[in-house]
Amino acid sequence: MLTGIEEVDWASLGHAYGPADDVPALLHGLASPDPAERETALDGMYGAVHHQGDVYDSTLACIPFLLELVADPAVQDRGCIVELLTSIGGIELDDDEDELDELGPEDDEFISAANYAMAAAAVAAGADVFLGLVADPDPEVRLAAPCALASLHPEPGRVLTLLRERLTVERDTEVLLALVAAVGQIALRHAFLRDETVEWLDWLARAAQDPGLRLAALAQLARCAPAAIPDDVVERVTELLEQIRTGPRGTGTGAGSGPAAGAGSPSPTGPGTGNGSSGAGEVRPPSTPTLVGQVRELLDEHTAGRPAPWTEELLRTLHTALDDRVDDRIALVLAQLRSPDWGQRADAIWLCGGLIRRWRGRYEEVVRLVGAQLHDPEPRLREAATAFLERLFELCGPASDALAARVGARPAVSYVPYEPLETYGTREAYGTGAFRGSNGSGGTDGFGRSEAPGGVRTGLGGAPDGGGGGDRPGGDGALLALARAGDARAVPLLARALERGEVRRELLYAVDGLGPAAAALTPLLRLRLAEVDLDERLYDRAAPLLYALGAVRGGQALPEVLRVLRGAPPNRRAWVWESALRTLAAFGPAARTAARDLRRFLTADAAPVAAWAARALWAAEGDTREVLPALERWLRPGVPAGDWCAAAQALGAIGPAASAAAPALRPGLASRDLWVRVHGAAALWRVSGETDRTLPVLLTAWEENRHTRPEIAACLAEMGPAAADAQLVVLTELTRRRRHNAREGTSGSHDIHEDEKLLTLCRAALARMERHVP
């Protein structure tokens, strides 16, 4: 085994962490009889030799030995090695070919691309080894082989025939589903095989006896031919899910090869019994301190107790294919949320996370049904519901009673969303994400798995705060969702948390939506801020408290805020100053006695600090004589774009009283930097009312970059009738189904809120344009 491995000069090769002289040990470890050693070796391969999907010269040198291991039936866990080879050889570079033509052999990108191409060729050259694996006695090997063949084998027609033939004899449910998925992958990769494959999938979706197989075929049919998705897809899928739920646990069915394989008519074969989950009866390897081991344990935990966990991936494929058919997707989610199977309800929540993050729609009933899951006895379902509701903000209203019951709030008035005025202390005044760390990023599916719902976070008091809120009484996750919904019932619970000193920072950033009732939190916020040490952790601990005090306009806390402002340590001092000055700006006239401190910061070297000092001084005294010169110095040529924008925004916040600064703002309208143009135009309009100059700039930026739209919509709403030329632009935005900030592969905790805010601003702008309200 591994013949010739000692002949390779591994020390001259490299991987992610330097010389590859440790690779032989990893390859031998993959063949070890010890399961823990095999898992550790696999972790090393992914962690160094194939780090984050990269291909190094050592990766290329490993391919022959990996193929040899796969071909040896004495090697255990070969399914994992097949998956590793599929990843190494399956990277496609079609989208980058034009760019690569412009690179030279000495460029890092060229070298990487060349490695990927050589890896694909090397694995494809040995891909015949995968042909024999579709009938391997090990179900894990059979599970991995179809994807490898569909991705890597150079003869797709031959592979397609083999996969469809294998469906007639395979009895393991998940392997059957993998075979169907591989057929769909071939259809997507090879257009000349697509028509016959789509015909076969359509046949299988109707003819197979096993409902899981029909669901898999329907999902792949939708993936390969979205236009062929039947109109009754919701009814069909719902019926199949119910059959899967009520049928014998773990039943799999073989299927005929269908008309595309030469059969004259649909004629599925009789049923056979599999184990329902590949390797379900096998002994799992012991826990190892590896990433591979942790992922395996998480997957085991996620699927534990579920008779058909594989339906989740099938539904994810189907949802992806349905794309902008939002009403169908909502109907499908609603059907799942009404299922007696808690697993199907949990799947619906995760799937709806990606749906609601990317698409606008009528989600009231979805939210209500998700809220009902907060009281389910299954903790994983409660955690999924909590993680979903945390990100809905104003859309969370239909679930507010369930949230209040979950956190133990006393009965109160029905849910009434609070929309803060555009004055000091609101999110509008602060700017979304104004305090660093207030807008976190999430995982790949909207409310994704990488965000570990229920994971432990650390509160301001340094103790675990129960993250997802699944089992802890008054769980912070449910409380956060209630607060972000603007429900005043969250206020006494927040007060109780502040009394304990264990407050999740996101809870404090949610205070600005709670309306006048949140003013009752001021004494406790003062107390907590007074207890914060003026050490290197000051920013992390004080910034959320400062934000909350600004949101409630707690001017009584002026001494505590000044203590932080004056005592900021060198570590992130400018950030601390900026946070404290924002809060003082929110206090308005209540911060008048701090004027001396504010004047000292007008000449700060950091533009954001100086800008917020100017805003705070203006809010406190209403005098622009010192404020305008302090801001105009940042509007000179050569000033970095971010600094220029900070000063412009400050002038815009001052409004007509800063009209003397209009000449300094006008050059920004012709800037090469998009955000300078946007903030400059908005500020110029706010100080001077110059619509003819500013509106064309704003509308051009609107089309150029969708992320500018909330800022621009706020300005259009203020313009009213003067922005009548923007009516069509605003109407178009209101009719779009896709959220303006939807991104593939990533998400932020405030994405939905920001898009709903845009829609609210667009409606306000349109109403003022139509009614001619100044």
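Colleague: Thanks! Which residues touch the most other members in the largest nonpolar core?

Modeller: Those are L389, L584 and L716, in a core of 154 residues. Keep in mind that this is a predicted model.

Colleague: What does L389 touch, leaving out residues up to four places away in sequence?

Modeller: L389 touches V367, V370, G371, L374, C396, A399, L403 and A481. Apart from the core that holds L389, there is another core of 92 residues, including I5, L131, A144 and L318.

Colleague: Let me zoom out a bit. How many helices and strands does the protein have?

Modeller: There are 38 helices and four strands. The protein has 774 residues, and 55% of them count as buried.

Colleague: What follows α30?

Modeller: G622 comes after the helix, and its phi is positive, near 70°.

Colleague: Switching to charges: how many salt bridges are there?

Modeller: The count comes to 43 salt bridges. In one of them, the side chains of R142 and E170 meet, at 2.9 Å from N to O. R142 sits in helix α8 (residues 139–152) and E170 in the loop between α9 (156–166) and α10 (173–189), so this pair ties together parts that are 28 residues apart in sequence.

Colleague: Are R142 and E170 buried or exposed?

Modeller: Both R142 and E170 are buried.

Colleague: What about E733, which residue does it form a salt bridge with?

Modeller: Its partner is R360, and the closest N and O atoms are 2.6 Å apart. E733 is in helix α37 (residues 727–735) and R360 is in the loop between α17 (342–358) and α18 (364–372), so the pair links distant parts of the chain, 373 residues apart. Both E733 and R360 are buried.

Colleague: Which residues are linked with R360 and E733 in a network of salt bridges?

Modeller: That network also takes in R709, R736, R739, D755 and E756.

Colleague: And D751 with R743, how far apart are the closest N and O atoms there?

Modeller: They are 2.7 Å apart in that salt bridge. D751 counts as buried, because its relative accessibility is 7%, below the 20% cut-off. R743 is partly exposed, with a relative accessible area of 29%.

Colleague: Last topic, the surface. Which residues make the nonpolar patch of about 290 Å²?

Modeller: L291, V295 and L299 make that patch. L291 is in helix α14, which spans residues 291–303. L291 is also exposed, with a relative accessible area of 57%.

Colleague: Why would residues three or four places apart in an α-helix point the same way?

Modeller: An α-helix has 3.6 residues a turn, so residues at that spacing point the same way.

Key:
Residues numbered from 1 in each chain as written. Predicted model: local features only at pLDDT ≥ 70, side-chain atom pairs only at ≥ 80, totals over all residues. Heavy atoms only, no water. Salt bridge = Lys/Arg side-chain N within 4 Å of Asp/Glu carboxyl O. Helix = DSSP H or I, 4+ residues; strand = E, 2+ residues; numbered from the N terminus. Buried < 20%, exposed > 50% of the residue type's maximum accessible area, 1.4 Å probe, protein only. Patch = residues over 30% accessible without salt bridge, like charges linked within 9 Å, V, L, I, M, F, W, Y side chains within 5 Å. Areas by Shrake-Rupley, 256 points an atom, 1.4 Å probe, with all protein chains shown as cover. Core = buried A, V, L, I, M, F, W, Y, C linked by side-chain atoms within 4.5 Å. Contact = heavy atoms within 4.5 Å.
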